[in-house]
Amino acid sequence: MAGVVVRGARMPGSGRPLDVRLADGVVAAVGAEVGVERGDEVVDARGLTVLPGLVDAHVHWSQWAQVRRRVDVGAATSPQEAAATMAAAPGAGLVVGHGFRAGLWSAAPHQDLLERAAPGRPIALVSDDLHAVWLSPAALARFGLDHPTGHLREQEAFAVQTRLSAEPDPAELDGWVAAASVEAAARGLTGIRDFEYDDTPAVWARRAARGPLALRVEAAVWEPWLDETLERGHATGDAVAGLVRVGPFKILADGSLNTRTAACHHPYPDPADGHGALNIDPGDLRELMDHVARHGLHPAVHAIGDRANAVVLDAFEHVGGPGRVEHAQLVAAGDVTRFARPGLVASVQPAHLLDDRDVAERHWPDVTARAFPYADLVAAGARLELGSDAPVAPPDPWTAIAAAVARSGDERPPWHPEQALDVATALRASCGGRLELRAGDPADLVLLGDDPLHADPATLRAMPVLATLVGGRFTHRTDP
């Protein structure tokens, strides 16, 4: 069967040119001079670096597709400034904003501030970390809610976000998703693990039926759709349609740092925040993990605070089997080695340390040395996978890699540089664990204009991606 032959590419760190032949959806051959069969397309790589396809290990893809059509309030330094930005937004009806970061504000969001800025206007703002929603009085009425401040957190916020995500027509949303996927392919992404709060496997099956996808998708399962998933006989890794497979089963053990709901051993500076909070009782967590694991679904448990991470690690020791800890943002020193258990993945988002370093200094002032402890996790033998948590951060794998390496995204010195990763380790955590292509691998690869192993952080962030292939099909291509 006709395939694609990439001539004269180089593996990262290597000066030796090689050829790669892709056929039937896999890497058919890798070597100095691979054969060309009738009908093959031959691509002259001219010494470009070839890398296995990059995967974003944690996204919310429908929200990422929508957020770019919302009002950006991420630069607001106060709730008044965010309210003024929303009041100035054009359009009639409900106006939706995204990106407020109340963790650094001196005053709390309140519905009255939105009402004063835009009387009678329905306004909804989703926080940068997705764990809070701020509503105006008219928006509260629109959703049939009665709340004293309009600043909803955790489950109340998630319920509103689900309704916001349902606002677009599914066909229109699918078009936005397709466009976002093509843009992601232009940065070298070949796959995502989608944790959208929905019947995600069914949603992606619908999208796959409309035409070829630009990305491989692992579609996570949430508890409201668990019974339907089990009735379908789905387990983690099962094929759904085309490039779509069933992903892990998502559980929220706690909240977030910016919303001060991450469950911690230490108290937050504001007594009103306490120690944060668990979203599930530890005993219930073990039972739920055990239940889904018996049905072949791998648990993927969100844990930000050090107490939440300890509780989740306890549960994995009870349940056993493969699974994932999503975020692992603050880890007690004695718990780091527990991430090395076989089959466990620490799924981390390095771009968060760029956004959260100031919030952490304010709300975790005595424990920042244990925040985003990537080097310690790797030294302990943990398996890391990098992601973005889009729309919390853009789904650009090079932003994540550069953040893990540099521990800074601006002119400031690296934040806790002792926890930095070397480039090779960060790359492997984005490419399925290794940098070399081998015969039999899925035919997912990228061609790069620079060798990342020889790149500084600025070059990593701007890494030129000349081509991306998924299953041997070009999803992005420019002239080398």
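Reader: Which elements each supply at least two residues of the lining of the second largest pocket?
Author: It's a predicted model, so local features need pLDDT of at least 70, side-chain atom pairs count only at pLDDT 80 or more, and totals for chains, interfaces and linings use all residues. Residues are numbered from 1 along each chain as its sequence is written, and side-chain values use heavy atoms, without hydrogens and water. A pocket here is an open set of points on a 1 Å grid over the protein atoms alone, with protein on both sides within 12 Å along at least five of seven lines, and a lining residue has an atom within 4 Å of a point. With helices (H or I, at least four residues) and strands (E, at least two) read as DSSP runs numbered from the N terminus, the elements are helix H1 (61-67), strand S7 (71-72) and strand S8 (95-100).

Reader: And which residues lie nearest the centre of that second largest pocket?
Author: The second largest pocket holds about 420 Å³, a volume being the space filled by probe spheres set on grid points joined across faces, edges and corners. Of the 20 residues that line the second largest pocket, those nearest its centre are Asp72, Gly74, His98, Gly99 and Asp128.

Reader: What volume does the largest pocket have?
Author: Its lining runs to 44 residues. Val55, Arg193, Glu218, Arg383 and Gly432 are the ones nearest the centre of the largest pocket. The volume comes out at about 1200 Å³.

Reader: Where does the lining of the largest pocket get at least two residues from a helix?
Author: Strands are on the list: S6 (54-59), S12 (189-194), S13 (216-221), S15 (244-252), S17 (323-327) and S19 (383-386) each supply at least two residues. Val55, one of the residues nearest the centre of the largest pocket, falls in the range of S6. The helix that supplies at least two is H14 (423-428).

Reader: How many cavities of 30 Å³ or more are there?
Author: Cavities are counted apart from pockets: a cavity is a set of grid points where a 1.4 Å probe fits but cannot get out. With that rule, the count of cavities of 30 Å³ or more is three.

Reader: Which element gives the largest share of the lining of the largest cavity?
Author: The largest cavity has a volume of about 390 Å³. It is lined by 30 residues, with His60, Asp129, Leu130, His131 and Asp389 closest to its centre. Helix H5 (155-165), S15 and helix H11 (351-363) each give two or more residues, and S15 also supplies at least two to the largest pocket. The largest share, four residues, comes from H5.

Reader: Which elements each supply at least two residues of the lining of the second largest cavity?
Author: This cavity has about 50 Å³ of space. Its lining is Val55, Asp56, Leu386, Gly387, Ser388, Asp396, Pro397, Ala400 and Ser430; Val55 is also among the residues nearest the centre of the largest pocket. Each supplying at least two residues are S6 and helix H13 (397-406).
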